[in-house]
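Subject: Structure handover

Hello,

Please find the structure below, with notes on what was found in it. Have it open while you read.

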Amino acid sequence: MSHRLRQVALLWALGSLGVFGCTDPDTEADQGATQAGEEQAGGAVEAGAEGGVGEVGGTTEDAEAHPRYAVQMLGLVNALRAEGVTCGSEVMPPVGPLTLNHQLDEAALLHAQDMADQGYFEHVSLDGREPWDRMNDSGYFGSAYGENIAAGLPGVGATFDQWVNSPGHCSNMMSSDFRELGVGYHPQQGTQYTHYWVQNFGSP
């Protein structure tokens, strides 16, 4: 994917500065990673009309087809997008809502499971796949991609708060480049962090 522009947030992690650096999952989420096609770089995708909090495509059937935690997370993200927020020092104005996407849900869940099973906490899988590679593998091919990961907390609200309070993650949740969201949560006893969360973002 060298033909695509990769935008990666940097932050201090365990005393050193680095890309995809792991932070203490009990206090802060790992920084967000984004990738946009060159045609999207430097330009925002139009957000469209505002929708209701927790919108998943406009029907009850759609909501029931997604995991409860994904619907709850979507509601929190869309409430944030409707209100606007300051991510670190960057003022992010209100933008339109996201909708849930099954393929992004699948990619997010598989990455959460893989991190738990193989004992790591990174955007790049141990087999070398980037977030956008995993989304493609789940059948999602978009014009922009993003990912947030977190670990250590069981609750939707507490994990959402981790991301809101981390500038890179917050910016991903507020980006007008994204139209769709997938959420994965995998709890596994006996692993380093027990609770693993992934948000995958995309645009058709």
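Cys 87 and Cys 170 are both buried, where buried means under 20% relative accessible area, exposed means over 50% and partly exposed lies in between (1.4 Å probe, protein chains only). The two residues are joined by a disulfide, with an S to S distance of 2.1 Å; a disulfide here is a pair of cysteine sulfur atoms within 2.5 Å. The structure holds 1 disulfide. The link of Cys 87 and Cys 170 is left-handed, with -60 degrees about the S-S bond. Cys 87 lies in strand S5 (residues 85-87) and Cys 170 in helix H6 (residues 167-174), so the pair ties together parts that are 83 residues apart in sequence.

Some notes on how to read the values. This is a predicted model, in which local features need pLDDT of at least 70 and side-chain atom pairs count only at pLDDT 80 or more, while totals for chains, interfaces and linings use all residues. Residues are numbered from 1 along each chain as its sequence is written, and side-chain values use heavy atoms, with hydrogens and water left out.

Confidence

pLDDT is the predictor's confidence in each residue, from 0 to 100. The protein chain averages a pLDDT of 77, and 69% of the residues score at least 70. Over residues 1-28 the pLDDT is below 50, and this stretch has 71 contacts in the model beyond near neighbours in sequence; contact means heavy atoms within 4.5 Å. Residues 36-61 also have pLDDT under 50, with 47 contacts beyond four places in sequence in the model. Please keep both stretches in mind when looking at the picture.

The chain as a whole

The protein chain has 6 helices and 10 strands. These are DSSP runs numbered from the N terminus: helices are H or I with at least four residues, and strands are E with at least two. Of the 204 residues, 52% count as buried. Among contacts with a separation of 6 or more, 71% are between residues 24 or more positions apart. The chain exposes about 8800 Å², of which carbon and sulfur atoms supply 51%. Accessible areas come from the Shrake-Rupley method with a 1.4 Å probe, and for residues only the protein chains shown count as cover.

Strand S10

How many of the residues of strand S10 (residues 195-203) are buried? The count is 9 of the 9, so S10 is largely enclosed by the rest of the structure. In a regular strand the side chains alternate between the two faces of the sheet. On one side of S10 are His 195, Trp 197, Gln 199, Phe 201 and Ser 203, and on the other are Tyr 196, Val 198, Asn 200 and Gly 202; all are buried, and both faces are covered.

S10 runs antiparallel to strand S8 (residues 144-151), with 8 bridges between them. Two strands pair if DSSP finds at least two bridges between them. Ala 150 stands opposite Trp 197 in S10. Strand S9 (residues 180-187) is also antiparallel to S10 and joined to it by 8 bridges. There, Gly 184 has Val 198 in S10 as its bridge partner.

Aromatic rings

Rings of Phe, Tyr and Trp (its six-membered ring) pair if their centres lie within 6.5 Å; planes under 30 degrees apart count as stacked, over 60 as edge-to-face and the rest as tilted. By this rule there are 7 aromatic pairs. The ring centres of Tyr 140 and Tyr 145 are 6.3 Å apart and their planes are at 80 degrees, so this pair is edge-to-face. Both Tyr 140 and Tyr 145 are buried. The rings of Tyr 185 and Trp 197 have centres 4.2 Å apart and planes at 25 degrees, so this pair is stacked. The pair links distant parts of the chain, with Tyr 185 in S9 and Trp 197 in S10, 12 residues apart. Tyr 185 has a relative accessible area of 16% and is buried; Trp 197 is buried at 1%. Ring pairs also link Tyr 69, Tyr 185 and Trp 197 into a cluster.

Two loop residues

Ser 138 sits in the loop between helix H4 (131-137) and S8. Its relative accessibility is 11%, so Ser 138 counts as buried. Leu 126 is in the loop between helix H3 (102-118) and H4. At 53% relative accessibility, Leu 126 counts as exposed.

Regards
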